[in-house]
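Welcome! Open your viewer and get ready to pick out chains, helices and single residues as we go.

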Amino acid sequence: MPFRAFLLILRRDLKVAFRRVSEWSLPLLFFIAVSALFPLALSPDRLAMAPGESEVYGMQSLGIAVIWMGALLASLMGLDRLFLNDSEDGSLEQLMLSPAPLISVVYGKLAAHWLVSVLPLVILVPLVGLSYRLTPGATAVLALSLLIATPVLTVLVAIGAALTVNLRGATAIIGLLVLPLVSPALIFGARAAVLALDAESAAAPLYFNASLAIMAVSLGPVAIAAALRAGLE
Amino acid sequence: MKLPVWFHRFGSPPWVYGFAGACAPWLLAAGLLAIAVGAYWGLVIAPPDARQGEVYRIIYIHPQTAYVGMMAYTLMAIAAAIGFIWRIKLAHAVAVSAAPIGATFTFGALITGAIWGRPTWGTYWEWGDPRIMSELLLLLMFLGYLALRAAFDDRDKADRVSAILAVVGVVNVPIIHFSVEWWNSLHQTASIMQLDKPAMPASMLVPFLIMVAGFTLLFYGLLLRRLQAGIVDRESGARWLRDLAPGATP
């Protein structure tokens, strides 16, 4: 029963998301736009960290930061789909009244959100990484670090979305609530790519992020379910 | 477990209002006195540091503000959790009272740190320093908590929802703290934070501890004053409040 509820919610949310092209394509386009604008804000001759140093090095460091920030911002984009749309048309209340445990509903929604607005982004990372002159090894580690750490982002964004579920137009607050909390995942994720760039072992930060992801995925939905109940009771 | 008989009084707004009103002046007076004594002792009597000279005297203000800020967040989260689990409104009132004070002290820690950083590190702000980063993130978490509360019209809902945020935040505070610290220790370009501390001599330690006590007492005094104001706000129109102020119109 709980697992069946999870699958049903997942299928329903995926269906709803793929009915409208903008649902899954906008975060991707946003990600590309952010990646394109960062180099414009920084003049190319300033990319060398020190006189005489290679500009490629600065471009690579910038690329890692841009890809991580882009992923962060893109995962904030589709968050209305998590709970707000369902709360507005009343289906969220029906889901909460249903005999299925709320936790499995939450897991279904998290999985759908991750698949729609985060996974395509990870697939796009090699392309953006290439444009920032990242080495293939570093790009692979960067994609892997995003794959491991994005569940943390999804859970934290969902906590923000659940806390503000019955506040109209309060999505700006979610950024303030969520961004300080994602800093550990950001630190280890970017660190892994930098280590791979220097041809060193990136295992330690990846393990850290994996442990953060396990913690977020196992404890986060409890907080999300509590926040939904508190917001809608 | 059987609760002692006096314990239930902490759930009663009139009793807590009176209790806070009785304690706050003493806490505030003792805190200000300790700060005055500690400041004079630390800034005038204590000897200058062998390596940092006079600049080191920021330790009579800066660590205290940082410590009170972190204590305030922990207290806020514990109170919010108690309020959420046992549905005690006064616990929520304590959590709300702690937030602005904690944010102010955290902001004070950032400012005093910047003032010390300029002559010592040569810069007001160093993005690479883990302590600055975790203090800044703590400040943002305080402000996020306050912003979330402010967005709700319904206070009961604000209490319950912001309590969840406080608990999620307090779980994250140590993770953020240590990850930021590891982040820097992995980087370690310039070791500006290598203050390998030898044991502080008593002539410096005593005023340091007096200042810690003073800031702590001041925090709790302010907390109780804010709590009183919060109770008046929550209980406005209640009979016992009207009895307290006979002339006032409700």
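Start where the two chains meet: select 22 residues of chain B and 20 residues of chain A, which make up the contact (two residues are in contact if their C-beta atoms, placed from the backbone, lie within 7 Å). On chain B's side, α4 (130-151) and α5 (155-187) each give two or more residues; helices are DSSP runs of H or I, at least four residues long, numbered from the N terminus. The biggest share comes from α5(B), with 13 residues.

A note before going on: this is a predicted model, where local features need pLDDT of at least 70, side-chain atom pairs count only at pLDDT 80 or more, and totals for chains, interfaces and linings use all residues. Residues are numbered from 1 along each chain as its sequence is written, while chains are lettered from A and ligands numbered from 1 in the order in which they are written.

Next, select Met76(B). Leaving out residues up to four places away in sequence, Met76(B) touches Ala95(B), Ala98(B), Ala99(B), Gly102(B) and Ala166(B).

Now follow helix α3 of chain B, residues 89-121. Its 33 residues should span 48 Å at 1.5 Å a residue, and the end C-alpha atoms are 46 Å apart, which agrees (the expected span is 1.5 Å times one less than the number of residues). Just past α3(B), click Gly122(B), whose phi is positive, about 85°.
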